[in-house]
Amino acid sequence: MIVLVLNSGAVSRLAERTREAAALVRALRDEGLWPPVVPSAVLVECLQGHSGRDAATTRFLKTCDVVEELGESIVRRAAFLRSRARRGSAVDAIVVAQAEPGATVLTSDLRDLEALAAYAQRVRIERV
């Protein structure tokens, strides 16, 4: 069962080499919410395509469960959520669809993800 899904804002925030980011990761581990799931589509938004600039994010992603295959059912569910919410990116919709049912999404963009989650099955959105 998936319990925690990260969008690109959460990946970028948690990949920072700061005390705050490290403390949040430790807290999530202590709560049994680690490792988080990161749909591969999220990487398009949080990577820059340059090994040097992507180094911290790449290191961080090694601690996560990156879901490389986005099956047709997830993609169709994401399309439905995006259509109903009438907002949010395709990647955000994939994140929320991946979190169904019953997981929490960490994000820095509450507005779009909350709009998508309003049509999802028991998905909580939390700010990172």
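A search of the whole structure, which is a predicted model, turns up one aromatic pair. Rings of Phe, Tyr and Trp (its six-membered ring) pair if their centres lie within 6.5 Å; planes under 30 degrees apart count as stacked, over 60 as edge-to-face and the rest as tilted. Trp34 and Phe60 are the partners, and their arrangement is edge-to-face, with 5.9 Å centre to centre and 70 degrees between the planes. Trp34 sits in the loop between helix 2 (19–30) and strand 2 (37–39) and Phe60 in helix 4 (residues 55–61), so the pair ties together parts 26 residues apart in sequence. Helices (H or I, at least four residues) and strands (E, at least two) are DSSP runs, numbered from the N terminus.

Are these two residues buried or exposed? Buried means under 20% relative accessible area, exposed over 50%, partly exposed in between (1.4 Å probe, protein chains only).

| Residue | Relative accessible area |
|---|---|
| Trp34, buried | 15% |
| Phe60, buried | 7% |

What else does Trp34 touch? Leaving out residues up to four places away in sequence, Trp34 is in contact (heavy atoms within 4.5 Å) with Leu14, Val25, Leu28, Arg29, Phe60 and Thr63. A polar atom of the Trp34 side chain also lies 3.2 Å from the backbone oxygen of Thr63.

Residues are numbered from 1 along each chain as its sequence is written. Local features need pLDDT of at least 70, side-chain atom pairs count only at pLDDT 80 or more, totals for chains, interfaces and linings use all residues, and side-chain values use heavy atoms, without hydrogens and water.

Methods: A polar contact is a pair of N or O atoms within 3.5 Å; within protein, one must be able to donate a hydrogen and the other to accept it, and residues adjacent in sequence count only if both atoms are side-chain atoms.
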